[in-house]
Amino acid sequence: MYWVYILRSDMVNRYYVGQTEDIERRIFHHRTGREKFTKRASDWQLVFSKKFETRTEAKRIESFIKKQKSKIFTEQVIKGEISLD
């Protein structure tokens with residue numbers, strides 16, 4: 001199984017969208033500064049996750065969210081207002 005996830009940091013007022021096979025390990029890496037984009041903050045919280053059967057599906061959805069380049073769109077995904085099926 002693969003996950004698409006969204007993290008939120010209040011310290012830097014940003015979202016981070018990613019995909020992984022091991023969500024717990026990835027969140028740990030984000031919180032401990034092991035990832036380039038997220039190392040400016042340590043308060044990353046998981047605000048959304050969705051499971052997919054294949055990495056291809058997860059990458060497609062991750063890319064779709066990122067291409068929107070919209071905080072409003074990301075927040076709509078988090079609230080379940082936009083379907084990712």
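In which loop does Lys69 lie? The residue is found in the loop between α2 and α3, where helices and strands are DSSP runs numbered from the N terminus (H or I over at least four residues for helices, E over at least two for strands). The structure described here is a predicted model, in which local features need pLDDT of at least 70 and side-chain atom pairs count only at pLDDT 80 or more, whereas totals for chains, interfaces and linings use all residues. Residues are numbered from 1 along each chain as its sequence is written, and side-chain values use heavy atoms, with hydrogens and water left out.

The protein has three helices and three strands, and from the N terminus on its elements run β-β-α-β-α-α. Its radius of gyration is 12 Å, close to the 12 Å that the globule rule gives for 85 residues, so the protein is as compact as a globular protein of that length; the radius is taken over C-alpha atoms, and the rule is 2.2 Å times the number of residues to the power 0.38. Along the principal axes, the C-alpha trace spans about 30 × 25 × 20 Å. Of the 85 residues, 38% count as buried, where buried means under 20% relative accessible area, exposed over 50% and partly exposed in between, with a 1.4 Å probe and protein chains only. Among contacts (heavy atoms within 4.5 Å) between residues at least 6 apart in sequence, 57% join residues at least 24 apart.

In soluble globular proteins, nonpolar side chains tend to be buried together. The largest nonpolar core of the model has 13 residues, and those with the most contacts inside it are Val4, Ile6, Ile61, Ile65, Val77 and Leu84; such a core is a set of buried Ala, Val, Leu, Ile, Met, Phe, Trp, Tyr and Cys residues joined through side-chain atoms within 4.5 Å. At least two residues of this core are supplied by each of β1 (2-9), β2 (14-20), β3 (45-52), α2 and α3. When neighbours within four places in sequence are left aside, Val77 is in contact with Ile6, Phe48, Ile65, Ile82 and Leu84.

The axes of helix α2 (residues 55-68) and helix α3 (residues 71-79) come within 7 Å and cross at roughly 140°, the axes being lines fitted to C-alpha atoms, for helices over the stretch in contact, with angles from 0 to 180 degrees between N-to-C directions. The contact is made by Phe64, Ile65 and Gln68 of α2 together with Phe73, Thr74 and Val77 of α3. These residues divide into four nonpolar, two polar and no charged, where Ala, Val, Leu, Ile, Met, Phe, Trp, Tyr, Cys and Pro count as nonpolar, Asp, Glu, Lys and Arg as charged, and the others, Gly among them, as polar.

Most residues other than glycine have a negative phi. Lys69, although not a glycine, has a positive phi of about 45°, and the residue is exposed, with a relative accessible area of 77%. Asn13, in the loop between β1 and β2, likewise has a positive phi, near 55°, and at 42% relative accessibility Asn13 counts as partly exposed.

Further individual residues illustrate these surroundings. Tyr5, in strand β1, counts as buried at 0% relative accessibility; not counting residues up to four places away in sequence, Tyr5 touches Tyr16, Val17, Gly18, Gln19, Thr20, Ile23, Arg26, His30, Leu46, Phe48 and Ser49. Thr56, by contrast, lies in helix α2 and is exposed, with a relative accessible area of 63%. The loop between α1 (23-31) and β3 holds Thr32, which counts as partly exposed at 39% relative accessibility and whose C-alpha atom is separated by 9.3 Å from that of Asp43, 11 residues apart along the chain. Arg40 has its place in the loop between α1 and β3 and counts as exposed at 52% relative accessibility. Met11, Val12 and Arg14 are touched by Arg40, not counting residues up to four places away in sequence, while Arg40 and Met1, 39 residues apart in sequence, are 29 Å apart in space, C-alpha to C-alpha.
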